[in-house]
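Please look through the model below with these notes beside it.

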Amino acid sequence: MGTMDGEGVSPSEVEVMAKPSRRRYTAEYKLRVLRQAEGCTGRGELGALLRREGLYFSNLTQWRKQRERGEMGGLSRKRGPSLKARNALADKVRVLERENTRLKARAERAEGLVELQKKVSEILGIELNRSVEKD
């Protein structure tokens with residue numbers, strides 16, 4: 001009577017059930033079981049097969065429909081997003097854009113230095129040979 005009321009039960013005697021996980025079947029397994037099920041001709045053989053494998057008859061009917069629709073081949077592939085092929089042109093464009101940005105920054109620094117040299121020469125009174133700029 002003490003076990004029904006929760007009295008006298010030690011914590012080590014309490015059984016905790018693990019969360020059941022959903023079974024997943026590969027396409028090869030499904031096809032193998034379907035072949036075995038089709039080979040069952042005697043009375044009770046199909047039931048014995050299902051009990052041995054731990055399956056239900058609804059599994060067989062669903063798998064047969066999948067096989068008829070041609071979905072069995074695609075069941076064995078991994079889930080998730082498919083990998084996209086790298087575009088070589090996009091990689092080249094990315095490299096060229098990076099180089100273009102670097103060269104623009106370098107040209108701006110050079111123009112700044114030229115402007116600085118002009119100002120210094122004006123302050124010191126040094127005449128610079130001015131070349132005609134072509135655009």
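1. E115 and K118 form a salt bridge (a side-chain nitrogen of Lys or Arg within 4 Å of a carboxyl oxygen of Asp or Glu), their closest N and O atoms being 3.7 Å apart. Both lie in helix 5, three residues apart, about one turn of the helix. Helices here are DSSP runs of H or I, at least four residues, numbered from the N terminus. E115 is partly exposed at 41% relative accessibility, and so is K118 at 27%; partly exposed lies between buried, under 20% relative accessible area, and exposed, over 50% (1.4 Å probe, protein chains only).

2. This is a predicted model, in which local features need pLDDT of at least 70 and side-chain atom pairs count only at pLDDT 80 or more, while totals for chains, interfaces and linings use all residues. Residues are numbered from 1 along each chain as its sequence is written, and side-chain values use heavy atoms, without hydrogens and water.

3. The whole structure has four salt bridges. In one of them R67 pairs with E38, with 2.8 Å between the closest N and O atoms. R67 is in helix 4 and E38 in helix 2, so this pair ties together parts that are 29 residues apart in sequence.

4. The largest nonpolar core has 10 residues, among them V33, L50, L60 and W63. Such a core is a set of buried Ala, Val, Leu, Ile, Met, Phe, Trp, Tyr and Cys residues joined through side-chain atoms within 4.5 Å. Helix 2 (27-39) supplies at least two residues of this core, as do helix 3 (45-53) and helix 4 (57-69).
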